[in-house]
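Have the sequence and the 3D view open as you read.

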Amino acid sequence: MSHERGRAGLRWGLSGVYAFIGVVHLVATDAMLPLMPDWVPEPRLVIQATGLCELAGALGLQIPATRKAAAIGLALYAVCVYPANLKHAFEHIHIDGIPDSWWYHGPRLAFQPVFVWAALWAGGLIDWPFRRGR
């Protein structure tokens, strides 16, 4: 598979994941409130805003003119939600439909940097660990 086909496939995959999660943040905002760290102001609004950002990023990855900006936004998003993921794991917060076990939290926390890389690579901002042919 060529790198460009791989990027296109990853863009579609990321768009699907982020669109789904974005909708969840918008329709199940109150269920997500316990995950928010105490220092986050206006947690309900932040959850709704992240849902909108996820939807915008999912769409933006598919549009060449907005692809790089969307990739940067989704990479930053993956970094910014990490404190909520840590709180979810270490405080054993129960959310219906989401497992509360280290079989879930361990891979999720470890995979977060991969989501940062995936957004940047799919958006064409980085080539690591692949190199373009010269």
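**Briefing: the pocket and its surroundings**

Helix α1 contributes the most to the lining of the largest pocket, giving six residues. Please keep in mind that this is a predicted model, in which local features need pLDDT of at least 70, side-chain atom pairs count only at pLDDT 80 or more, and totals for chains, interfaces and linings use all residues. Residues are numbered from 1 along each chain as its sequence is written, and side-chain values use heavy atoms, with hydrogens and water left out.

**Overall fold**

- The chain has six helices and zero strands, where helices (H or I, at least four residues) and strands (E, at least two) are DSSP runs numbered from the N terminus.
- Its radius of gyration is 16 Å, close to the 14 Å from the globule rule for 134 residues, so the chain is as compact as a globular protein of that length. That radius is taken over C-alpha atoms, and the rule is 2.2 Å times the number of residues to the power 0.38.
- Along the principal axes, the C-alpha atoms fill a box of roughly 50 × 30 × 25 Å.
- Of the 134 residues, 34% are buried; buried means under 20% relative accessible area, exposed over 50%, and partly exposed in between, using a 1.4 Å probe and protein chains only.
- Among contacts (heavy atoms within 4.5 Å) with a separation of 6 or more, 61% join residues 24 or more positions apart.

**The largest pocket**

- The volume of the largest pocket is about 750 Å³. A pocket is an open set of points on a 1 Å grid over the protein atoms alone, where a 1.4 Å probe fits and protein lies on both sides within 12 Å along at least five of seven lines. Grid points are joined across faces, edges and corners, and the volume is the space filled by probe spheres set on them.
- There are 31 lining residues, with Ile21, His25, Tyr77, Asn85 and Arg108 nearest the centre of the pocket; a lining residue has an atom within 4 Å of a point.
- Two or more lining residues come from each of α1 (3–27), α3 (43–60), α4 (67–80), α5 (82–90) and α6 (102–122).
- The lining has 24 nonpolar, five polar and two charged residues. Here Ala, Val, Leu, Ile, Met, Phe, Trp, Tyr, Cys and Pro count as nonpolar, Asp, Glu, Lys and Arg as charged, and the others, Gly among them, as polar.

- Thr29 sits in helix α2 and counts as buried because its relative accessible area is 3%. Beyond residues up to four places away in sequence, Thr29 touches Val24, Arg44, Ile47 and Gln48.
- Pro37 belongs to the loop between α2 (29–32) and α3, and is buried because its relative accessibility is 10%.
- Leaving aside neighbours within four places in sequence, Pro37 is in contact with Pro83, Ala84 and Lys87. The C-alpha atoms of Pro37 and Ala84 are 6.1 Å apart, although 47 residues separate them along the chain.

**Around α5**

- The buried residues of α5 are Ala84, Asn85, Lys87, His88 and Ala89, and they pack against α6.

**From the UniProt record**

- An unreviewed UniProt entry carries the annotation "transmembrane region" for residues 12–33 and 110–130; positions follow the numbering used here, feature names are shortened, and annotations may be inferred rather than shown by experiment.
- Residues 12–33 are 91% helix and 0% strand, with end C-alpha atoms 29 Å apart.
- Residues 110–130 are 62% helix and 0% strand, with end C-alpha atoms 21 Å apart.
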